[in-house]
Amino acid sequence: MEEFDYLSSGEEEEDCESLDGIESDDQRWTSTSLSSTQVITEESLLAAQVEDLHRVMDLLTVREQHARTLLIYHRWDIDRLIAAFVEKGREWLFSEAGVTMVESRNSASSWSSSPIMCEICIEEVPPNSVTTMDCGHCFCNDCWTEHFIVKINDGQSKRVRCMAHKCNAICDEDIVRKLVSEKNPSIADRFKRFLLESYIEDNKKVKWCPSVPHCGNAIRVDGDAYCEVECTCGKQFCFSCSLEAHSPCSCPMWDLWVKKCQDESESVNWMTANTKPCPKCNKPVEKNGGCNLVSCICGQPFCWLCGGATGRDHTWSSIAGHSCGRYNAADKAKRAETDLYRYMHYYNRFKGHMDSLTLETKLKASIQEKVSIVESKNFGNKDYSWVINGLYRLFRSRRVLSYSYPFAFYMFGEDLFGDDMTEKIREMKKNLFEDQQQQLESHVEKLSSLLEEKFDEFTEEKIRDLRMHVINFSVSVDGLCLKMYECIENDLLGPLQHAIHNIAPYNSKGIEKASELPIFQDTSANLKSTKITGANNALPRASTTNEKRATDSSQPSSSGLLRESSSMDENICSTRKRSRKDGRGDTLIDLNLPTWVVDKNGF
């Protein structure tokens, strides 16, 4: 595949033929390797869970129920589980997770034929009506069943502990399912559902798609959690915070920006700058004269400087019986007014570019119509993928440009980073960023105007010129976006000392589109036998605060973002994230443990 270069006018003839092979983004997707993000549907949920269970079962030589208990305790993080195994050993790992390993479970009926006293209900029951767990505690089936039902109804079905005093062992899920199903099949189905959903609810690598209404899918990310993904339903979102895709804003920045835009905080800022509350009725009072003794409509006079209630007697220099020092409220009011104007500056530009993006999404239909007209004219060039490619580049760069304004609002304000930069350094970095922002804005507007040209009325020569310009500016805006992300990562967020802000990396192929998780043949049979029965088989999604704030993205679903790999096309631009230390250390542990590790842990 040919690499996009920024072509000068003198190189047009020389490189004209090489540009004929440029593919659109949709075409380039078909030649890429499997995505690093995968969609988990109801059908593939069991397959995803079984895959991780088998890895732990093979590694630690344990049964499925014990592998599940270990994974739930470690929130389905296999790397974390293996790190704990290597550092603390097998015995500590099992003890902490509540796994009791015994060679064989002795049934009560195997060592006694006489009635057995249940220590819970203090009744004698026949040997075939009691159950012994791996920990060795034995109680009657009725007590076990009631215990299981209470725990499931309380939402503790993922880790049902033994009911013996101070016993932390986790009960066998097969026994739980068997006993509960005999008395209440619906609760047993709920128990099975909870075990399946724990793979999503407790797994930091898997999150529900925040689409509204919910599509029923979950997304699994095998790489960095700071990324933006697209579900098969078309919803694009930030995997880290589950809000809409918002890079180059960090998640804390975008969360603050959404709240700031949704509430009436800026109206409050205006009120703070221009009014004072009456000390008697608390209604806002606006000062319309020069005297600092003001009077509310309720009749209460008060001092404008401090807001304290006073009498009516006063002179130009003082109020009788009142003294509030030399405090001057002008600075406070001026600061509130300045903050309001600053917010409006960034908000108007953010909103302006988002509105432009909404209008530009309508270009695709008109461009495809124009391409059909031009193709019917039988010109020499039959490849018009450069138009669609340029349109997708416009969508991505416009989106980056729009979200760069909320980023700048917080990056160069004092709300988040007041202690991280001096005023001089802040101004210098602000000027550097704004220069790049303005340059990107200029090229984006030029690319937009080129794509709006009525090229279906052009001659073949004019179409060739337009093609070269669209390709040039497509490559240019891509490079400018990459440069802006590198500036943010290395020059702005990188040196911060008091806060860590991470953003999703930039890639010229756009937001990554998740692929469906395949269901392999060895798990499909399992799936049919384990599938949850009932009137409603759809997997419910846990209600979160993110769902209430989730809004469908207004930008078009463009091609997905591909992560860096050896098989990736060399012409794809991508930023490299700053290194972040893991809580468990810098070294990742492979599942294929070397011999010395096995020997060290007595395996």
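Reply: Helices here are DSSP runs of at least four residues, numbered from the N terminus. The model is predicted. One such run, helix 15, covers residues 385-411, and Tyr392 and Phe395 lie three residues apart in it, so about one helical turn separates them.

The aromatic pairs come next. A pair of aromatic rings is described by the distance of the centres and the angle of the planes. Rings count as a pair if their centres lie within 6.5 Å, and planes over 60 degrees apart make the pair edge-to-face. By this rule there are 21 aromatic pairs. In one of them, the ring centres of Phe139 and Trp144 are 5.3 Å apart and the planes meet at 65°, so this pair is edge-to-face. Phe139 is buried, at 4% relative accessible area, and Trp144 is buried too, with a relative accessibility of 0%. Tyr392 and Phe395 from helix 15 also make an edge-to-face pair, with 6.2 Å from centre to centre and 65° between the planes. Both Tyr392 and Phe395 are buried.

One aromatic cluster is formed by Trp254, Trp257, Tyr343, Tyr346, Tyr347, Phe350, Tyr403, Phe409 and Tyr410. Within that cluster, Phe409 also has a charge over its ring: the charged end of Arg342 sits 4.6 Å from the ring centre. Another charge over a ring is found at Trp92, where the charged end of Lys88 lies 4.2 Å from the centre of the ring.

Terms used:
Residues are numbered from 1 along each chain as its sequence is written. This is a predicted model: local features need pLDDT of at least 70, side-chain atom pairs count only at pLDDT 80 or more; totals for chains, interfaces and linings use all residues. Side-chain values use heavy atoms; hydrogens and water are left out. Rings of Phe, Tyr and Trp (its six-membered ring) pair if their centres lie within 6.5 Å; planes under 30 degrees apart count as stacked, over 60 as edge-to-face and the rest as tilted. Buried means under 20% relative accessible area, exposed over 50%, partly exposed in between (1.4 Å probe, protein chains only). Helices (H or I, at least four residues) and strands (E, at least two) are DSSP runs, numbered from the N terminus. A charge sits over a ring if NZ of Lys or CZ of Arg is within 6 Å of the ring centre and within 35 degrees of the ring normal.
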